[in-house]
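Hi everyone, thanks for coming. I'd like to walk you through a structure that may be new to you, so please have a look at it before I start.

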Amino acid sequence: MNFSQLINQRESCRNFSGKAVSKADLEKIIAQARLAPSAMNSQPWFFYVVVDNEKRQEVAKSVQKFNEKAGAFIVIIEEKPSIPVKVINNFKVQDYTKVDIGIVASYICLAATELGLGTCMLGLFHEEPIKKALNIPKEKRIRLLISVGYSVDKEPRPKTRKKDTEIMKII
Ligand SMILES: Cc1cc2nc3c(=O)[nH]c(=O)nc-3n(C[C@H](O)[C@H](O)[C@H](O)COP(=O)(O)O)c2cc1C
């Protein structure tokens with residue numbers, strides 16, 4: 001699959017089949033996501049990869065119903081970025097943590113797509129019950145979840161997007 005095919009194939013899956021996702025595939029996805037760029041190479045993330053049946057069902061209770069048939073969840077924890085003192089002294093540094101999480105989340109979804117898996121990024125979730133179910137320390141912040149599984153849909157939907165002219169200006 002070339003890049004153009006990959007980005008067209010990727011879509012938010014809301015129709016999972018219930019088929020299990022192998023640990024080997026999930027490890028491969030994370031191995032590729034690790035290569036994502038991040039501001040000052042901070043890599044401000046930690047992933048809880050949830051495959052265990054009971055734990056998966058617990059997580060599914062705290063997100064939208066369509067995720068019940070996802071084979072796995074990747075829970076992305078936002079870690080503190082490490083910024084060198086020299087950089088802090090020389091620049092007014094923005095907080096790029098959320099940007100970094102967004103980039104790594106895209107890598108996860110694209111890596112999964114290449115393996116024939118469907119994904120859905122989930123910003124709508126109940127944080128506390130998920131932390132409790134997975135023993136995630138209280139002080140940690142879950143920034144995003146990604147459900148992963150096999151899609152029932154054979155072909156990707158047409159994409160609904162703004163026109164090029166609405167989002168860019170070549171000057
Ligand atoms: C940060 C983020 C959070 C999202 N949260 C949800 C969510 O909670 N539930 C959901 O069904 N889709 C969620 N989505 C998926 C978007 O709705 C979807 O990406 C968008 O409509 C474009 O559709 P596509 O991904 O199929 O191309 C989220 C996407 C992003 C990037």
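**A short tour: lysines, pockets and rings**

Let's begin at lysine 98, which you'll find in helix H5, the stretch covering residues 97–114. Before I go on, please keep in mind that this is a predicted model.

So, is lysine 98 buried or exposed? It's exposed: its relative accessible area comes out at 52%, and the cut-off for that word is over 50%. What does lysine 98 touch, if we skip the neighbours within four places in sequence? Glu78 and Arg143. And here's one to find on your screens: leucine 144 is 46 residues away from lysine 98 along the sequence, yet the C-alpha atoms of the two are 9.8 Å apart in space.

Lys140 is one of the residues lining the second largest pocket, along with Glu78, Glu79, Lys80, Pro81, Asp95, Thr97, Glu139 and Arg141. You'll remember Glu78 as a contact of lysine 98. Which classes make up that lining? Seven charged residues, one polar and one nonpolar. The volume of this second largest pocket is about 160 Å³.

The largest pocket, for its part, has a volume of about 260 Å³.

How many cavities of 30 Å³ or more do we count? One. The largest cavity has a volume of about 60 Å³. Around the largest cavity you'll see Ala39, Met40, Ser42, Pro81, Ile83, Val93, Gln94, Asp95, Tyr96, Thr97 and Asp100. The cavity lining has six nonpolar residues, three polar and two charged.

Last topic: the rings. How many aromatic pairs does the structure hold? Two. In one, tryptophan 45 and phenylalanine 47 have ring centres 6.4 Å apart and planes at 25°, so that pair is stacked. Both tryptophan 45 and phenylalanine 47 are buried. In the other, phenylalanine 46 and tyrosine 48 have centres 5.2 Å apart with planes at 65°, so we call it edge-to-face. Phenylalanine 46 counts as partly exposed, at 43% relative accessibility, and tyrosine 48 also counts as partly exposed, at 24%.

One more ring before we stop, and one more lysine. Which residue lies over the face of tyrosine 150? That's lysine 19, at 4.2 Å from the ring centre.

That's the tour, so over to you for questions.

Key
Residues are numbered from 1 along each chain as its sequence is written. This is a predicted model: local features need pLDDT of at least 70, side-chain atom pairs count only at pLDDT 80 or more; totals for chains, interfaces and linings use all residues. Side-chain values use heavy atoms; hydrogens and water are left out. Rings of Phe, Tyr and Trp (its six-membered ring) pair if their centres lie within 6.5 Å; planes under 30 degrees apart count as stacked, over 60 as edge-to-face and the rest as tilted. Buried means under 20% relative accessible area, exposed over 50%, partly exposed in between (1.4 Å probe, protein chains only). A charge sits over a ring if NZ of Lys or CZ of Arg is within 6 Å of the ring centre and within 35 degrees of the ring normal. On a 1 Å grid over the protein atoms alone, a cavity is a set of points where a 1.4 Å probe fits but cannot get out, and a pocket is an open set with protein on both sides within 12 Å along at least five of seven lines; lining residues have an atom within 4 Å of a point. Grid points are joined across faces, edges and corners, and a volume is the space filled by probe spheres set on the points. Ala, Val, Leu, Ile, Met, Phe, Trp, Tyr, Cys and Pro count as nonpolar, Asp, Glu, Lys and Arg as charged, and the others, Gly among them, as polar. Helices (H or I, at least four residues) and strands (E, at least two) are DSSP runs, numbered from the N terminus. Contact means heavy atoms within 4.5 Å.
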